[in-house]
Amino acid sequence: MDTLIRLNNSTAGRDKTARLIQYLCKALWDTLDANDINSHLIDQLRTFELSLSTFRKTLRLGKCIDTFYASLTSLHYADAVVRMTVTLSKLASSMFLFCDHMIWFARTGFVKGVNVEKWNKLANKYWLFSVVMNLVRDFYEIQRLLATQTPKKATVDQGCLQEVISLPLQTVKCICGHKPVLWDTVKNACDLFLPLNGLGFTKLSPRTIGVLGFISSLAGLIPLVEPSAKLSPA
């Protein structure tokens, strides 16, 4: 209960909780639709999903300014790779949010004549670029973690074979042992397919998109519940 209250007390917590439910609804209605079960419930889930999407857009109004300002702050990070990836990701995220605001204006009828399809496509492009930059950062962090590992000694004959076998296991173990990198990588890896699908580069079903969105939302909620699991600097 304390966790729910803590999440509800922050805008980010409400947004990510709504996102979790939104993508869960998408996965559920597509599953029901594929099995031709309860058309009335399917319509309800679709309507609820759209309502949550609009709610989240309302919560994020004006956030593009905050995100742009945060990108200026990240210019002072000492590590060049972190500085470049985080700054570019935040700039792209700021532009994504601006496009998102335009879609909200059109959806609510506040502004007439907005080409929603055009703005949605542009938003997905900025979202994709932001996620790619985040993944580059994640891979860089994984590489740094692996560099700190002390390799086990092996004979000359066994060296190459052992390295081929142990490297993937070592990488997985290394990631799992570092919660901030683990959850950030899971979140971004799942998020990658959402704008790709929106832009038509992949043809995933709403159910698959719903599952991926649910997993990434869950991975995004964990650092809010457990601050030690947040990748820093961010």
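Is Asn38 buried, partly exposed or exposed? With a relative accessibility of 44%, Asn38 counts as partly exposed, where buried means under 20% relative accessible area, exposed over 50%, and partly exposed in between (1.4 Å probe, protein chains only). The structure is a predicted model, in which local features need pLDDT of at least 70 and side-chain atom pairs count only at pLDDT 80 or more, whereas totals for chains, interfaces and linings use all residues. Residues are numbered from 1 along each chain as its sequence is written, and side-chain values use heavy atoms, with hydrogens and water left out.

**Overall architecture**

- The protein chain holds 10 helices and zero strands; helices (H or I, at least four residues) and strands (E, at least two) are DSSP runs, numbered from the N terminus.
- Along the sequence, the pattern of the protein chain reads α-α-α-α-α-α-α-α-α-α.
- A box of roughly 70 × 50 × 40 Å, taken along the principal axes, is filled by the C-alpha atoms of the protein chain.
- Of the 234 residues in the protein chain, 38% count as buried.
- Among contacts in the protein chain with a separation of 6 or more, 74% come from residues 24 or more positions apart; contact means heavy atoms within 4.5 Å.

**Helix H2 and its packing against H10**

- Two packed helices are described by the angle between their axes and the distance between the axes.
- Helix H2 (residues 11-34) and helix H10 (residues 206-225) have axes that come within 8 Å and cross at roughly 160°. Axes are lines fitted to C-alpha atoms, for helices over the stretch in contact, and angles run from 0 to 180 degrees between N-to-C directions.
- H2 and H10 are therefore roughly antiparallel to each other; angles under 35 degrees count as roughly parallel, over 145 as roughly antiparallel, 65 to 115 as roughly perpendicular and the rest as oblique.
- The crossing of H2 and H10 is left-handed, a term used if the near helix is turned anticlockwise from the far one by less than a right angle, with right-handed used if clockwise.
- The contact of H2 with H10 comprises 14 nonpolar, eight polar and five charged residues. Ala, Val, Leu, Ile, Met, Phe, Trp, Tyr, Cys and Pro count as nonpolar, Asp, Glu, Lys and Arg as charged, and the others, Gly among them, as polar.
- At 1.5 Å a residue, the 24 residues of H2 should span 34 Å, and its end C-alpha atoms are 35 Å apart, which agrees. The expected span of a helix is 1.5 Å times one less than its number of residues.

**Asp15 in H2**

- Asp15 is found in helix H2 and, at 10% relative accessibility, counts as buried.
- Not counting residues up to four places away in sequence, Asp15 touches Arg56, Leu59 and Arg60.
- Asp15 and Ser217 are 202 residues apart in sequence, yet 9.6 Å apart in space, C-alpha to C-alpha.

**Packing of H3 with H5**

- The axes of H3 and helix H5 (residues 80-108) come within 9 Å and cross at roughly 125°.
- That makes H3 oblique to H5, and the crossing of H3 and H5 is left-handed.
- H3 contributes Leu50, Ser53, Thr54, Lys57 and Thr58 to the contact, and H5 contributes Asp100, Ile103, Trp104 and Arg107.
- By class, the contact of H3 with H5 divides into three nonpolar, three polar and three charged residues.

**Packing of H6 with H8**

- Helix H6 (residues 116-147) and helix H8 (residues 179-191) have axes that come within 9 Å and cross at roughly 145°.
- H6 passes H8 in a left-handed crossing.
- Residues of H6 in the contact include Trp127, Val131 and Asn134, while those of H8 include Val181, Asp184 and Thr185.
- The contact of H6 with H8 has seven nonpolar, three polar and four charged residues.
- H8 has 13 residues and reaches 18 Å from its first C-alpha to its last, close to the 18 Å expected at 1.5 Å a residue.
- Buried residues of H8 include Pro180, Leu182, Lys187 and Cys190.

**Backbone features outside the helices**

- Asp36 lies in the loop between H2 and helix H3 (39-59), and its phi is near 55°, a positive value in a residue other than glycine.
- At 71% relative accessibility, Asp36 counts as exposed.
- Asn38 is also placed in the loop between H2 and H3, with a positive phi near 50°.
- The peptide bond from Ser232 to Pro233 is cis, with omega near 0°; Pro233 is found in the segment after H10.
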